[in-house]
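Trainee: I have a new structure open and I'd like to learn how to read it. Could you walk me through a few features?

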Amino acid sequence: MTSETITAESAGTWHLGDLPVSRVGFGAMRLTGSAAFHLGDPSDRERSLAVLRRAVELGVNHIDTAAFYFSSLRSANELINSALAPYADDLVIATKVGPYRDWSGEWGTSARPEDLRGHVEENLRQLGRDHLDVVYLRRMRQDSIAEHFGALAELRAAGLVRHLALSDVEPRHLAEAQAIAPVVSVQNRYGLGFHDPATDALLAQCRAQGIAFVPFYAIAGEAGPRGAGTAHEEEVRAVARAHGASPAQVRIAWTLYQGPNVLAIPGTGNPDHLAENVAAGALRLTDEELARLDGARTG
């Protein structure tokens, strides 16, 4: 595989509501430092800006971000604004609301329903937009999401938000939200290195309804916000060797094979890793390879 010559078009497209996006997108969290939040060193600003611009050059038109993605020196939303504004007409920026971090980076009290307008407006300000394309309600362990999602539905009706989505939910929460307003996407932790039967059921529910499913930490697995490590199952390494690909590319490709509605949003602050991640959309796995990888996940 020659990563530099492969664009996001190789993975095909899906729709977030009425917005077509390439199935390989970009997660902005790791733009801010060597690991998410304050777990690593702040990034080099010019390098992060270059990664964003290169992503768009490679055909990426779906960027996932949040106002709470920042390190001691960097803000993901500010980087996106600086690198890409004025935004291309086909660029879809999805953000998340609910969690809150104070100025020092410490996690604060999660939003109440009446706080969500402020969260949306902060994303609008940082991104330099007059509306947000997609807003995820990130569930914060509450049993019911009806009040929070209802508050976002009001902001959608007011024109501040185009489409609504859910993050870190169970199948029952999707049904609860759909009784209030349409849901175009669900974002849960999912991947070869992380197995949760409830999320498997949610993926099946989204597939049946044609709702986009957007896994996070698909490469990092159990490492989560600490970032991708070098430990990979032998099954992953074997498939990677057979294709002349990296284990991370195999993980992304496996994710995309879970359904035409599944979108990948691998994040990186490294331009070489960016090209590899996008090129993973061109990796074609055999049925035998998929079965082998499935076995590594469920065994």
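**Reading loops and helices**

Mentor: Let's begin with R141, which sits in the loop between β6 (132-138) and α4. Keep in mind that this is a predicted model.

Trainee: Is R141 buried or exposed?

Mentor: Exposed: its relative accessibility is 76%, and the cut-off for that label is over 50%.

Trainee: And what should I look for in the backbone there?

Mentor: Start with the general idea: most residues other than glycine have a negative phi, and most peptide bonds are trans.

Trainee: Now helices. How do I describe two that pack together?

Mentor: Two packed helices are described by the angle between their axes and the distance between the axes. Here, take α1 (residues 45-57) and α2 (residues 76-84): their axes come within 9 Å and cross at roughly 60 degrees. That makes α1 and α2 oblique to each other, and α1 passes α2 in a right-handed crossing.

Trainee: Which residues of α1 and α2 meet?

Mentor: On the α1 side they are R45, S48, L49, L52, R53 and V56; on the α2 side, E78, L79, I80, S82, A83 and L84. Sorted by type, the residues of this contact are seven nonpolar, two polar and three charged.

Trainee: What about α5? Which of its residues are buried?

Mentor: In α5 (residues 171-178), the buried ones are H173, L174 and A177. They cover an arc of only 105 degrees around the axis, so they lie on the same side of α5. Their cover includes α4 (146-157), β7 (161-167), β8 (185-187) and α6 (197-209).

Trainee: One last stop: where is G40?

Mentor: G40 is in the loop between β3 (26-27) and α1. G40 counts as partly exposed, at 24% relative accessibility. Leaving out residues up to four places away in sequence, G40 touches S34 and A35.

Trainee: And how many residues separate G40 from F216 in sequence?

Mentor: They're 176 residues apart in sequence, and 19 Å apart in space, C-alpha to C-alpha.

Methods:
Residues numbered from 1 in each chain as written. Predicted model: local features only at pLDDT ≥ 70, side-chain atom pairs only at ≥ 80, totals over all residues. Heavy atoms only, no water. Axes fitted to C-alpha atoms, helices over the stretch in contact; angles between N-to-C directions. Helix = DSSP H or I, 4+ residues; strand = E, 2+ residues; numbered from the N terminus. Parallel < 35°, antiparallel > 145°, perpendicular 65-115°, else oblique. Left-handed = near helix turned anticlockwise from the far one by under 90°. Contact = heavy atoms within 4.5 Å. Nonpolar A, V, L, I, M, F, W, Y, C, P; charged D, E, K, R; others polar. Buried < 20%, exposed > 50% of the residue type's maximum accessible area, 1.4 Å probe, protein only. Arc of directions from axis to C-beta.
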